[in-house]
Amino acid sequence: MTDVTRGDTLGDAGEAGVLAEVFAALADQPTAGVLVGPGDDTALVRAPRGSVLATTDTMVRGRDWLDEWSCAEDVGVKVVTQNLADLAAMGGVGTGLLVTLVAPPDLPLAWARGLTEGIAWAAARAGVPVVGGDLSSAPAGTVTVTVAALGELGEGVARPVLRSGARPGEVLAVSGPLGRSGAGWQLLRAGAEASGQGRQGPLQALLDHHRRPLTDLTQGPVAARAGATSMIDVSDGLVRDADRVARASGVVLELDEGSVHSIADALVPVLGQDEAIRQVLSGGEEHELLATFADPAAVPDGWVLLGYAVGTDAPGVRLGGRRLDPSVGGWDHFGG
């Protein structure tokens with residue numbers, strides 16, 4: 001972890017000094033497919049398939065992370081994961097990242113270096129280079145980090161998987177566990193780390209996943225090749241994101257109670273049953289993939305069957321026959 005208590009600030013270093021730190025942290029990144037990298041007015045990246053996927057996410061200090069809980073490297077890993085998971089949800093893979101840091105002059109230079117090291121680590125893990133970005137100053141206390149990700153459809157994926165492709169009779173599945181990030185957030189709010197509880201195994205894993213969510217990004221193309229008819233990145237909570245698929249597709253997604261309880265079982269020893277189920281349904285920043293498949297036998301290995309789609313005049317999400325309100329729980333940038 002970078003020590004941000006010593007050394008220069010951004011103001012001391014100036015733009016050239018900040019960029020020197022950034023470029024040093026990116027020195028060993030992969031460059032396959034990059035024709036012109038950082039240092040010119042723009043980057044040039046190959047697009048061999050003739051089409052480009054593009055997405056962006058912004059993180060704001062005090063809103064998307066707290067310095068008391070997350071170090072600069074954590075923020076870098078999280079913002080890369082957010083973006084690449086969006087590409088994966090279309091059946092895509094990343095080809096380049098653009099990073100923008102907006103910060104006050106008194107921000108420690110070491111924090112910017114740590115942020116870039118976290119970004120570089122997560123980008124290298126995914127085999128995606130950072131190809132450029134921007135720096136700008138901000139009023140005291142304001143720090144924002146924005147990543148724009150460029151990508152293309154994965155090998156063997158003929159067309160993007162949209163939210164609107166689910167049809168009645170199809171099965172619903174998720175690529176991995178749910179509720180871990182939300183559980184970590186609740187534990188941090190309750191002071192778990194400050195009390196020393198965070199040093200214990202299962203609880204520590206939840207804290208870590210909230211600060212640095214890591215998922216298998218290859219599962220997007222895997223699901224697309226397996227015939228996924230719709231897909232979404234679970235970033236704002238299962239019910240909220242499933243509702244987006246349901247409304248785009250004009251179906252009801254019926255969640256299986258047994259499946260929800262089974263996923264929640266891993267969280268019960270730390271959270272208790274009621275809170276564990278709540279986090280599975282509404283915990284955000286998980287970045288697993290939720291998809292529908294016409295053939296249950298086509299669901300990829302390791303995915304968990306979660307329910308099925310049915311026809312209806314009122315699209316939405318149900319659990320045990322009860323319609324769930326997507327506005328209750330989950331993450332809303334303006335509603336809390």
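A salt bridge is a side-chain nitrogen of Lys or Arg within 4 Å of a carboxyl oxygen of Asp or Glu. A search of the whole structure finds 14 of them.

Some ground rules. This is a predicted model: local features need pLDDT of at least 70, side-chain atom pairs count only at pLDDT 80 or more, and totals for chains, interfaces and linings use all residues. Residues are numbered from 1 along each chain as its sequence is written, and side-chain values use heavy atoms, leaving out hydrogens and water.

Start with Arg 212 and Asp 74. Their closest N and O atoms are 2.4 Å apart. The pair links distant parts of the chain, 138 residues apart. Arg 212 sits in the loop between H5 and H6, Asp 74 in helix H2. Helices here are DSSP runs (H or I, at least four residues), and strands are too (E, at least two), numbered from the N terminus.

Is Asp 74 buried or exposed? Asp 74 is buried, at 8% relative accessible area. Buried means under 20%, exposed over 50%, partly exposed in between (1.4 Å probe, protein chains only). Arg 212, at 30%, is partly exposed.

Next, Lys 78 and Glu 285. They form a salt bridge at 3.0 Å, N to O. Lys 78 is in helix H2, and Glu 285 is in the loop between helix H10 and strand E10. Lys 78 is buried at 2%. Glu 285 is buried at 17%.

Arg 244 and Asp 241 both lie in H7, three residues apart, about one turn of the helix. Their salt bridge is 2.5 Å, N to O.

Last, a network: salt bridges link Glu 21, Arg 113 and Glu 117.
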